[in-house]
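Subject: Structure handover

Hello,

Here is the structure I promised to pass on. Please open it first, then read my notes below.

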Amino acid sequence: SAFSDSVITLSSSATLSTQTFHSMEGLSDKKGVSFESVLMPGQYLTLQDGKLVLTDGSDKKASTFYLN
């Protein structure tokens, strides 16, 4: 996959925690991209109520993003 070598790191000063994500083919659409947690495999960045949260990716559309 074109996304398999990509790694994204997010950090939050509020919690002093850092998360790293592997980008991968979108869960709901091959043209999109999904981000799986390295620390917690099987957990994906998901947009819920306007906020990014970690979920199991069962809402595939909310866990798939389109980058320009």
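Let me start with one residue. Phenylalanine 35 is buried, at a relative accessible area of 8%. Buried means under 20% relative accessible area, exposed means over 50%, and partly exposed lies in between (1.4 Å probe, protein chains only).

Some ground rules. This is a predicted model, so local features need pLDDT of at least 70 and side-chain atom pairs count only at pLDDT 80 or more, while totals for chains, interfaces and linings use all residues. Residues are numbered from 1 along each chain as its sequence is written, and side-chain values use heavy atoms, with hydrogens and water left out.

The chain overall

The chain has zero helices and five strands. Along the sequence the pattern reads β-β-β-β-β. Helices (H or I, at least four residues) and strands (E, at least two) are DSSP runs, numbered from the N terminus.

Buried residues make up 26% of the 68 residues. The accessible surface is about 4800 Å², and 54% of it belongs to carbon and sulfur atoms. Such areas come from the Shrake-Rupley method with a 1.4 Å probe; for residues, only the protein chains shown count as cover.

Now for contacts, meaning heavy atoms within 4.5 Å. Take those in the chain with a separation of 6 or more: residues 24 or more positions apart account for 25% of them.

How confident is the predictor? The average pLDDT of the chain is 83, and 74% of the residues score at least 70. pLDDT is the predictor's confidence in each residue, from 0 to 100.

The aromatic pair

A pair of aromatic rings is described by the distance of the centres and the angle of the planes. Rings of Phe, Tyr and Trp (its six-membered ring) pair if their centres lie within 6.5 Å; planes under 30 degrees apart are stacked, over 60 edge-to-face, and the rest tilted.

By this rule there is one aromatic pair. Phenylalanine 35 and phenylalanine 65 form it, and it is tilted: 5.9 Å centre to centre, with 45 degrees between the planes. Phenylalanine 35 lies in strand E3 and phenylalanine 65 in the segment after E5, so the pair ties together parts that are 30 residues apart in sequence.

Threonine 64 is found in the segment after strand E5 (51–55). Is threonine 64 buried or exposed? It counts as buried, at 7% relative accessibility. Not counting residues up to four places away in sequence, threonine 64 touches Gly26, Leu27, Ser28, Asp29, Gly32, Val33 and Ser34. Its side chain also reaches the backbone nitrogen of serine 28, at 3.0 Å.

Leucine 27 sits in the loop between strand E2 (17–25) and strand E3 (33–37). It is partly exposed, with a relative accessible area of 25%. Beyond its neighbours within four places, leucine 27 has contacts that include Tyr44, Lys60 and Thr64. The C-alpha atoms of leucine 27 and phenylalanine 65 are separated by 9.3 Å, and these residues are 38 apart along the chain.

Aspartate 29 lies in the loop between E2 and E3. It is partly exposed, at 24%. Leaving aside neighbours within four places in sequence, aspartate 29 is in contact with Thr64 and Tyr66. The side chains of aspartate 29 and tyrosine 66 make a polar contact at 2.8 Å. A polar contact is a pair of N or O atoms within 3.5 Å; within protein, one must be able to donate a hydrogen and the other to accept it, and residues adjacent in sequence count only if both atoms are side-chain atoms.

Two strands pair if DSSP finds at least two bridges between them. Strand E4 (residues 44–48) and E5 run antiparallel, joined by five bridges. Leucine 47 stands opposite leucine 52 in E5, and glutamine 48 has lysine 51 as its bridge partner.

E4 and E5 form a hairpin with two residues between them. Aspartate 49 is in the loop between these strands. It counts as exposed, at 81% relative accessibility. Its phi is near 55 degrees, a positive value in a residue other than glycine. Most residues other than glycine have a negative phi.

Best wishes
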